[in-house]
Amino acid sequence: MTRVTALDATDKAPIKLLASRGLVVAKLERDPAGGEDPRYGIGRPGTEALGRTYYFVVRPFDPSKLSYAWRWASGRTSYPIAHWTIYGVRNGVQLDSLKSGAFHWCRHTHEATSATKPATFTTCKNAEEASKIEHRLLQKAASDPKYAQLVAAIRQYSLLGVILNVQPGPVPRSTVGVFAQQEPLIGELLSADDMKTIQRIRDEALEAPVWVRCGVGCCTADEL
């Protein structure tokens with residue numbers, strides 16, 4: 001298993017300073033005895049001594065990449081704005097860089113519903129779809145006391161966090177999880193198509209990149 005956690009206040013960091021320094025935006029925790037992760041290089045030969053914790057560092061950031069002048073040509077859902085490098089720590093002192101890639105800004109906007117800053121594995125496209133479903137779900141559920149617990153869970157974790165079973169803190173993700181507890185109520189409120197989309201998002205998370213909230217909305221750590 002691999003678990004990603006967003007670090008505190010990364011969405012409030014002065015991102016213009018990333019031209020001259022790096023910012024640690026997330027950490028991965030992984031079973032060192034697991035197989036190789038080809039996207040991020042964890043578990044490949046030679047990384048055995050790096051343990052289970054790895055860090056994503058982002059730099060440099062180019063503010064001009066955020067311009068809407070190009071109007072998201074060709075229907076693209078993300079755009080590279082920086083680079084990431086993932087590091088492991090050897091013997092507690094030496095940083096080893098494993099892999100680098102493009103830090104992509106997701107084009108969609110976020111509603112201010114989530115109290116936490118979730119991190120998970122998904123794509124910009126799937127995060128956008130989850131955001132739209134969340135809006136429809138909250139519109140239907142917010143005024144009915146029957147759905148108070150569901151609404152509270154979404155406002156705590158975001159719908160994306162709920163459906164991908166994200167829980168903050170050091171405790172590993174439960175096999176039951178937030179989604180399993182709320183799935184019957186979600187099914188009452190959403191269409192069959194929305195439920196199919198949720199299942200697809202969950203299935204595709206197994207092969208998806210790291211997704212985190214960032215200072216310009218949300219971002220993914222993709223390949224170059």
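Reader: What does Thr197 touch, not counting residues up to four places away in sequence?
Author: Thr197 touches Glu129 and Ile133. Contact means heavy atoms within 4.5 Å. This is a predicted model, where local features need pLDDT of at least 70, side-chain atom pairs count only at pLDDT 80 or more, and totals for chains, interfaces and linings use all residues. Residues are numbered from 1 along each chain as its sequence is written, and side-chain values use heavy atoms, leaving out hydrogens and water.

Reader: Why does Thr197 count as buried?
Author: Its relative accessibility is 16%. Buried means under 20% relative accessible area, exposed over 50%, partly exposed in between (1.4 Å probe, protein chains only). So Thr197 counts as buried.

Reader: What makes Cys106 and Cys124 a disulfide?
Author: Their sulfur atoms are 2.0 Å apart. A disulfide is a pair of cysteine sulfur atoms within 2.5 Å. The pair therefore meets the definition. A search of the whole structure finds 1 disulfide.

Reader: Why is the disulfide of Cys106 and Cys124 called left-handed?
Author: Because the torsion about its S-S bond is about -70°.

Reader: Which parts does the pair tie together?
Author: Cys106 lies in strand β5 (residues 94–106), and Cys124 in helix α1 (residues 124–141). Helices (H or I, at least four residues) and strands (E, at least two) are DSSP runs, numbered from the N terminus. So the pair ties together parts 18 residues apart in sequence.

Reader: Are Cys106 and Cys124 buried or exposed?
Author: Both are buried.
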